[in-house]
Amino acid sequence: PREFILQFDGERQVRRIRLTNENLYRFSVAYWDKKREDWRDVETVRQRRDVEGAERVIQPLFVFGGINFRTDRIRIKVTRTVDDTIVTKAAPGPNDKVIEHGWQNIGGRQREYFRILIERPALVREVEVYGIAAKPS
């Protein structure tokens with residue numbers, strides 16, 4: 001799956017989220033705002049792979065702190081993984097996800113091309129959500 005929803009049994013105060021993964025490259029974390037009836041962004045992540053020899057190197061742990069909201073749902077929406085591949089085609093298929101469209105000069109002629117994203121499964125291992133415990137009565 002490319003989208004993960006964590007559903008709580010009731011509304012919770014969230015102060016920190018800890019996410020362990022295997023292959024996430026670009027993703028966002030959001031929470032459901034009941035009053036606005038809309039998803040609100042917590043954080044959007046785009047990892048860097050500009051380190052020498054880092055073709056598949058990922059950051060396995062993310063900690064989102066300094067947050068404070070009440071919600072009954074959290075969503076992790078993955079847009080890219082390090083396992084995704086990109087292929088170039090002369091014409092896209094009906095279900096292809098086109099990420100770039102352009103023209104290139106080949107042998108003095110302009111040729112149209114499409115860069116297609118082939119998605120692989122996103123691998124989230126664990127999500128921990130921290131808040132402040134209610135006072136015992």
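Start in E10 and find Glu128: this residue is the bridge partner of Arg18. Now widen the selection to the two strands involved, E2 (residues 16–21) and E10 (residues 124–130). They run antiparallel to each other and share 6 bridges.

Before going on, colour by pLDDT, since this is a predicted model. The protein chain averages 90, and 92% of the residues score at least 70. Among the elements, E2 has the highest mean, 96, while strand E8 (residues 97–106) has the lowest, 92.

Back to E2, and show its side chains. Which residues make up its covered face? Those are Ile17, Leu19 and Asn21, with Arg16, Arg18 and Thr20 on the uncovered one. That's the pattern to expect, because side chains in a regular strand alternate between the two faces of the sheet.

Next, pick Leu19 and look across to E5, where its bridge partner is Phe62.

Last stop: jump to strand E6 (residues 69–81) and select Arg75. What is the nearest side chain of opposite charge to Arg75? Glu3, at 4.4 Å. A salt bridge needs a side-chain nitrogen within 4 Å of a carboxyl oxygen, and Arg75, though buried, has none. To see what surrounds Arg75, show its contacts beyond four places in sequence: Glu3, Phe4, Ile5, Ser28, Val29, Ala30 and Trp39.

Note on methods: Residues numbered from 1 in each chain as written. Predicted model: local features only at pLDDT ≥ 70, side-chain atom pairs only at ≥ 80, totals over all residues. Heavy atoms only, no water. pLDDT = per-residue confidence, 0-100. Helix = DSSP H or I, 4+ residues; strand = E, 2+ residues; numbered from the N terminus. Buried < 20%, exposed > 50% of the residue type's maximum accessible area, 1.4 Å probe, protein only. Pairing = 2+ DSSP bridges. Lys, Arg positive; Asp, Glu negative; His and termini not counted. Contact = heavy atoms within 4.5 Å.
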